[in-house]
Amino acid sequence: MHHFFVNTDQIGEKEIRIVGSDINHIRNVLRIRPGEQITVSDSNAVTWRCEVSQVGETIVTARILWSQAADTELPSRITLFQGLPKSDKMDLIIQKAVELGVSEIVPVATKRAVVKLDANRAQIKQKRWGLIAENAAKQAKRSIIPEVKPVMSMEEAVRYASSMDRKFIPYELARGMEATREAFESIRPSESVAIFIGPEGGFDEHEIALAEETGILPVTLGGRILRTETAGMTVLSILMYLLEGR
């Protein structure tokens, strides 16, 4: 069943109005017709089951059948701070991170990142990444669209994460898998979690030192060196398993 997102002002007492870029997708790609059922979510994590009543050129209306509080979100808010990777790897990382339940993604321009974005390119990339997050949220039937923040420096990212409850940075020189296990298992529902992932070249020693100084805990993910597109997904998969249904 196809899933869409709307603003609260598009929700009436008996029907929901879908507007914007979804109209072309509904009409010409999915070819949804009156009588078909869809699900719709808003920013308040409520999901509606609806029956499409009219498909117009600029608006689609759907009759509300029933609603329920969404149960697709993890009990902890997880923010992924991702060092900028090469080529289109960020597209894949955002897509999979959204599927795994991340609440927010922060691209980070680290010292060893090969990719360097000026303000204009960063803005274009952010818009593209936002669309990828939205499409992944629809596919995964999330009740929210995780936000992709503007690119930050490592210093800005560390400051942004300062108010979060639990903060981790996988690092190849960290030791003690048991300590990693205990740290992840001790996360309580409702705690906010920050995960810092380096780019292909890893974090600079000064960046690790900065992280440690501000309370970000270095952890190991095992004896193997993981690619940047693998490391974040590994941590998110572990957290999803530990937090799901708590």
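**Loops, hairpins, a pocket and a nonpolar core**

Ser87 counts as exposed, with a relative accessibility of 56%; on this scale buried is under 20% relative accessible area, exposed is over 50%, and partly exposed is in between (1.4 Å probe, protein chains only). The model is predicted, so local features need pLDDT of at least 70 and side-chain atom pairs count only at pLDDT 80 or more, while totals for chains, interfaces and linings use all residues. Residues are numbered from 1 along each chain as its sequence is written, and side-chain values use heavy atoms, with hydrogens and water left out.

Back to Ser87, which sits in the loop between β6 and α2. Helices (H or I, at least four residues) and strands (E, at least two) are DSSP runs numbered from the N terminus. Phi of Ser87 is near 50°, a positive value in a residue other than glycine. Most residues other than glycine have a negative phi. Lys141 is another case: its phi is positive, about 55°, although it is not a glycine. Lys141 is placed in the loop between α3 and β8 (147–148), and with 33% relative accessibility it counts as partly exposed.

A positive phi also turns up in a hairpin. β3 and β4 form a hairpin with four residues between them, and Ala45 in the turn has a positive phi of about 60°. Strands β3 (residues 37–41) and β4 (residues 46–55) pair in the antiparallel sense over five bridges; strands pair if DSSP finds at least two bridges between them. In this pairing, Val40 stands opposite Trp48 in β4.

Strand β5 (residues 60–69) and β4 pair in the antiparallel sense over nine bridges. Two of the contacts can be named: Glu51 has Arg63 in β5 as its bridge partner, and Trp48 has Ser67 in β5. Strand β2 (residues 15–18) joins in as well, pairing with β5 in the antiparallel sense over four bridges, and here Ile16 stands opposite Ala62 in β5.

Now for the aromatic side chains. A search of the whole structure finds three aromatic pairs, where rings of Phe, Tyr and Trp (its six-membered ring) pair if their centres lie within 6.5 Å, and planes under 30 degrees apart count as stacked, over 60 as edge-to-face and the rest as tilted. Phe81 and Phe196 are stacked because their ring centres are 4.3 Å apart and their planes are at 0°. Phe81 lies in strand β6 (residues 78–83) and Phe196 in strand β11 (residues 193–197), so this pair ties together parts that are 115 residues apart in sequence. Phe81 and Phe196 are buried. Phe168 and Phe184 make an edge-to-face pair, because their ring centres are 5.1 Å apart and their planes are at 85°. This one ties together parts 16 residues apart in sequence, since Phe168 lies in strand β10 (residues 166–170) and Phe184 in helix α5 (residues 177–185). Phe168 and Phe184 are buried too. Ring pairs also link Tyr160 with Phe81 and Phe196 into a cluster.

Nonpolar side chains tend to be buried together in soluble globular proteins. The largest nonpolar core here has 36 residues, and Ile78, Leu80, Ile94, Ile195 and Leu239 have the most contacts inside it. Such a core is a set of buried Ala, Val, Leu, Ile, Met, Phe, Trp, Tyr and Cys residues joined through side-chain atoms within 4.5 Å. At least two residues of this core come from each of β6, α2 (89–99), α3 (119–139), α5, β11 and α7. Helix α7 gives the most, with seven residues. Leu131 lies in helix α3 and is partly exposed, with a relative accessible area of 48%. Its C-alpha atom is 10.0 Å from that of Asp91, 40 residues apart along the chain.

Finally, the largest pocket holds about 450 Å³ of space. A pocket is an open set of points on a 1 Å grid over the protein atoms alone, where a 1.4 Å probe fits, with protein on both sides within 12 Å along at least five of seven lines; lining residues have an atom within 4 Å of a point. The volume is the space filled by probe spheres set on the points. Of the 26 lining residues, Pro170, Tyr171, Glu172, Ile225 and Leu226 are the closest to the centre of the pocket. Helix α7 (residues 228–243) gives the most to this lining, with three residues. By class, the lining has 12 nonpolar, seven polar and seven charged residues; Ala, Val, Leu, Ile, Met, Phe, Trp, Tyr, Cys and Pro count as nonpolar, Asp, Glu, Lys and Arg as charged, and the others, Gly among them, as polar.
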